Amino acid sequence: MAKAGHAWSRAAAERGEAEEDEDPLDARIARTGCLEQHRQLQECMAERQDWRQCQEQVRAFGACMARRQQRQ
């Protein structure tokens, strides 16, 4: 399965641009420790095209981000 990413990241990948041009949003989310939950949410959205069908992933990502906020 192709890696889910933001539209501008996918477009760059399709043009064959280097991975060194990492999506700045992905980089910020990676620093939170919630990148895996974010990617799972993106994959669900790409497959289902409806955030309402991805509530499990939405909750998991939200809970991870909330835990991060509590640690700060």
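Which residues make up the largest nonpolar core?

Mentor: The model is a predicted one, and the core is made up of Ile29, Cys34, Leu35, Leu41, Cys44, Cys54, Phe61 and Cys64, 8 residues in all. Two helices, α3 (35-48) and α4 (55-71), each supply at least two residues of this core. The helix that gives the most is α3, with 3 residues.

Some context on the chain comes next. Its secondary structure comes to 4 helices and 0 strands, and the order from the N terminus is α-α-α-α. Of the 72 residues in the chain, 29% are buried. The chain exposes about 5,400 Å², and carbon and sulfur atoms supply 49% of that area. Taking contacts between residues at least 6 apart in sequence, 45% of them join residues at least 24 apart.

Once its neighbours within four places in sequence are set aside, Ile29 is in contact with Cys34, Leu35, His38 and Phe61. Cys34, Leu35 and Phe61 are themselves listed among the core residues.

The structure holds 2 disulfides. One is formed by Cys34 and Cys64, with their sulfur atoms 2.0 Å apart. Cys34 is in the loop between α2 (24-32) and α3, while Cys64 is in helix α4, so this pair ties together parts that are 30 residues apart in sequence. The torsion about the S-S bond of Cys34 and Cys64 is about -90 degrees, and the disulfide is therefore left-handed. With the cut-off for burial set at under 20% relative accessible area, Cys34 counts as buried because its relative accessibility is 0%. Cys64 also counts as buried, at 6% relative accessibility.

The other disulfide joins Cys44 to Cys54, again with an S to S distance of 2.0 Å. Here Cys44 belongs to helix α3 and Cys54 to the loop between α3 and α4, so the parts tied together are 10 residues apart in sequence. The S-S torsion of Cys44 and Cys54 is about -90 degrees, which means that this disulfide is left-handed. Cys44 is buried, with a relative accessible area of 5%, and Cys54 counts as buried at 0% relative accessibility. If the bonded cysteines of the chain are numbered in sequence order, the pairing reads 1-4, 2-3.

A word on confidence is needed before the coordinates are used. The mean pLDDT of the chain is 81, and 72% of its residues reach 70 or more. Confidence is highest in α3, at a mean of 96, and α3 is also the helix that gives the most to the core. The lowest value belongs to helix α1 (residues 7-14), with a mean of 48. Over residues 8-18 the pLDDT is below 50, and this stretch has 5 contacts in the model beyond near neighbours in sequence. Where pLDDT is low, the predicted coordinates should not be read in detail.

To put the part together: the core draws at least two residues from each of α3 and α4, the cysteines Cys34, Cys44, Cys54 and Cys64 are among its members, and the two disulfides join Cys34 to Cys64 and Cys44 to Cys54.

Conventions:
Residues are numbered from 1 along each chain as its sequence is written. This is a predicted model: local features need pLDDT of at least 70, side-chain atom pairs count only at pLDDT 80 or more; totals for chains, interfaces and linings use all residues. Side-chain values use heavy atoms; hydrogens and water are left out. A nonpolar core is a set of buried Ala, Val, Leu, Ile, Met, Phe, Trp, Tyr and Cys residues joined through side-chain atoms within 4.5 Å. Buried means under 20% relative accessible area, exposed over 50%, partly exposed in between (1.4 Å probe, protein chains only). Contact means heavy atoms within 4.5 Å. Accessible areas come from the Shrake-Rupley method with a 1.4 Å probe; for residues, only the protein chains shown count as cover. A disulfide is a pair of cysteine sulfur atoms within 2.5 Å. pLDDT is the predictor's confidence in each residue, from 0 to 100.
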